[in-house]
Amino acid sequence: MKKPTQLFLLFTAFISFAFVNPKHSEPKQINVVIDVAHGGDDFGAIYNSINEKQIVEQIANKIKALNKNENVVLHFTRNSDESISLQKRVDIINAIKPDLVLSLHVNASKNQDKSGIELYVNKDSELYEMSNDYAMKLSNEMSKNDSFKVGEIKNAPFFIIKKSTVPVVLIEIGYLSNDKDKKN
């Protein structure tokens, strides 16, 4: 899962700069929440003893370490292997009122041929258009790398993207069950 991490970090940097308006002399501070899915006794997807909660925590830690842009303030829904309810994660997000939320996930399937990155938004959200715009930017940026196929942006009623009052993109960063995705 090394290349998905690199892709995601590239994407995060891209999103960070997407908020900066070069015409202003003082850059605007951007708040981004990284929703680190699962944790504690919630392992998320599991395949061959590899679990989703560990992968997304590793990606979140790399994002944290690589963020050198002082105008981009990152917030995390969890900073360790702890179980935080969906409602509590939404409460954290809505209290911060960030410019964007990226909810990190990793997929698995009984069909080992299934692969790629999937992006989700919620069409019923008041901020659907903003969320969808961010998802399209992400999709376009990630599509530039041939290591992963990037699927179409999907609509879903997932709790985090449905209940958050800010723009949210849920990202499934590859499949644990696909050998190519794991190697990338």
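Predicted model: local features only at pLDDT ≥ 70, side-chain atom pairs only at ≥ 80, totals over all residues.

Colleague: What makes up the secondary structure of the protein chain?

Modeller: The protein chain has 6 helices and 8 strands. Helices (H or I, at least four residues) and strands (E, at least two) are DSSP runs, numbered from the N terminus.

Colleague: How do you know that the span of helix α2 agrees with its number of residues?

Modeller: The expected span is 1.5 Å times one less than the number of residues. For the 15 residues of α2 (residues 52–66) that gives 21 Å, and the end C-alpha atoms are 21 Å apart, so the two agree.

Colleague: Which strands form the open sheet, and in what order?

Modeller: The order is β4-β1-β5-β8-β6-β7, with mixed pairing. Two strands pair if DSSP finds at least two bridges between them. With 6 bridges, β5 and β8 pair in parallel, while β6 and β8 are antiparallel over 4 bridges.

Colleague: Why are β4 and β7 said to stand at the edges?

Modeller: Each has a single partner strand, so one side of β4 (72–76) and of β7 (150–155) is left without a neighbour in the sheet. For β7, the pairing with β6 (residues 117–121) is parallel, over 4 bridges.

Colleague: Why is β8 called largely enclosed?

Modeller: Buried means under 20% relative accessible area, exposed over 50%, and partly exposed in between (1.4 Å probe, protein chains only). In β8, 8 of the 8 residues are buried, so the strand is largely enclosed by the rest of the structure.

Colleague: Why does E172 have no salt bridge?

Modeller: A salt bridge is a side-chain nitrogen of Lys or Arg within 4 Å of a carboxyl oxygen of Asp or Glu. Lys and Arg count as positive and Asp and Glu as negative; His and the chain ends are not counted. E172 is buried, and the nearest side chain of opposite charge, K154, is 9.2 Å away.

Colleague: Which residue is the bridge partner of E118 in β8?

Modeller: That is E172, which lies in β8 (residues 168–175).

Methods
Residues numbered from 1 in each chain as written. Heavy atoms only, no water.
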